[in-house]
Amino acid sequence: MVDIDARAERLDAYLAATGYDAVWFANPDAFAWLTGGDNTVGAVSGGTGVAAAGYVPGDAPAFRAMAPAGEADRIAAEELPDSFAVETVPWHASLADAVAAESIGMAAADFDVPGLDRIDAGPLRQPLAADDVERFRSLAEETAAAVERVCRQLTAEDTEHEVASALRIALSSGEMSAPMVRVAGRERAETYRSPPAGAGDLGDYGVLSVTAERRGLHVSLTRTVAFDPPERFKEQFRAAARIEATALAATHEAVETGGDAGDVFEAIREASDELGFPDAVEAGEQGGAAGFARREWLAAPEADDPVRAPMGYAYNPVVVGARSEDTYLVETGEEPLECLSATPNWPTFDVEAVGYDRTVERHAPYAP
């Protein structure tokens, strides 16, 4: 469970800075951040779960939750810390109206509630608290181990659909789920940047990308299994790895200097240009901060999101069919980069970040 005292401290600072008297969360990412629980079971519309969690300092208890009849008892028992008081809302009533009726003074919510301001809870979740970091490490370790088990059993004749099914099964243990699983053999990996699994064989190589989730936290990684890759693939993969290393180095520098997501993107763009693959940054997203959302923000032109630490970061540059991606913890200090999703039994190689005095160990394609 989450460190509820740490949540209260952060929320107190937020309310003091904004002037709000209370704040409510029903977006699943924010609900999970505040409670460590899941409010998505039975949800019928995207973006809002079936229950809302709130912080109302001055009331006793300050942590509140509202859930519909038929879900409230289970959510109270299985999804919430003991410090939460749970109110049951009639199953046919509006959750938003119930929150509005409960709110006194000036309140805000991360979903549409009559009379309340609408807020983005993303900045509240950054940086990660100490207990978040430990749970993040555990999730990443289990995710990486599951992906490695699947990879070591693959053949060139396996279909993308078969591999995707194996990944979902491997990632369904330990309360994990896999909101994103992408598998592409050589042909589709070189045609589409990040396609979902198709019916074709892996062929010369396969690119496996997953995002695993548990209790709100998200870990992303990509592994490549190379059976008979073309000669040029080695150069393309090294370029993708160097771009990723550059993004990580730029992230650490932004933490130290007060930079933003746009600064990280510029470093990615400059590295892609220097390595001879200028089109890589226009082909799709390059990744960004990771935590209680797959990407809390994206490195993009003119993006002004602050870069914080300790925080998870997952960058995913693609050069033709080659993709390099892991989830890192970026901190301050002499050893600021920790690869959370490392696969210890996987081949690795060292690459230099472009424009930075930093070498990063990256996962190489695995040759069965």
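This is a predicted model: local features need pLDDT of at least 70, side-chain atom pairs count only at pLDDT 80 or more; totals for chains, interfaces and linings use all residues.
Mentor: Residues are numbered from 1 along each chain as its sequence is written, and side-chain values use heavy atoms, with hydrogens and water left out.

Trainee: What volume does the largest pocket have?
Mentor: On a 1 Å grid over the protein atoms alone, a pocket is an open set of points with protein on both sides within 12 Å along at least five of seven lines, whereas a cavity is a set where a 1.4 Å probe fits but cannot get out; lining residues have an atom within 4 Å of a point. Grid points are joined across faces, edges and corners, and a volume is the space filled by probe spheres set on the points. For the largest pocket, this volume is about 380 Å³.

Trainee: Which element gives the largest share of the lining of the largest pocket?
Mentor: The lining has 20 residues, with Asp 38, Thr 40, Glu 213, Arg 215 and Gly 216 nearest the centre of the pocket. Two or more lining residues come from each of helix 2 (28-35), strand 7 (177-185) and strand 8 (205-214); helices (H or I, at least four residues) and strands (E, at least two) are DSSP runs numbered from the N terminus. The largest share, three residues, comes from helix 2.

Trainee: How many charged residues are in the lining of the largest pocket?
Mentor: Asp, Glu, Lys and Arg count as charged; Ala, Val, Leu, Ile, Met, Phe, Trp, Tyr, Cys and Pro as nonpolar; and the others, Gly among them, as polar. The lining holds five nonpolar and seven polar residues, and its charged residues number eight.

Trainee: Which element gives the most to the lining of the largest cavity?
Mentor: The structure holds two cavities of 30 Å³ or more, and the largest cavity contains about 90 Å³ of space. Its lining has 13 residues, and those nearest its centre include Arg 193 and Arg 323. Strand 7 and strand 8 each give two or more residues to this lining. The most, three residues, come from strand 7.

Trainee: Which element gives the largest share of the lining of the second largest cavity?
Mentor: The second largest cavity has a volume of about 40 Å³, and the residues that line it include Thr 222, Phe 237 and His 363. Strand 9 (217-226) and strand 18 (359-363) each give two or more residues to this lining. The largest share, three residues, comes from strand 9.
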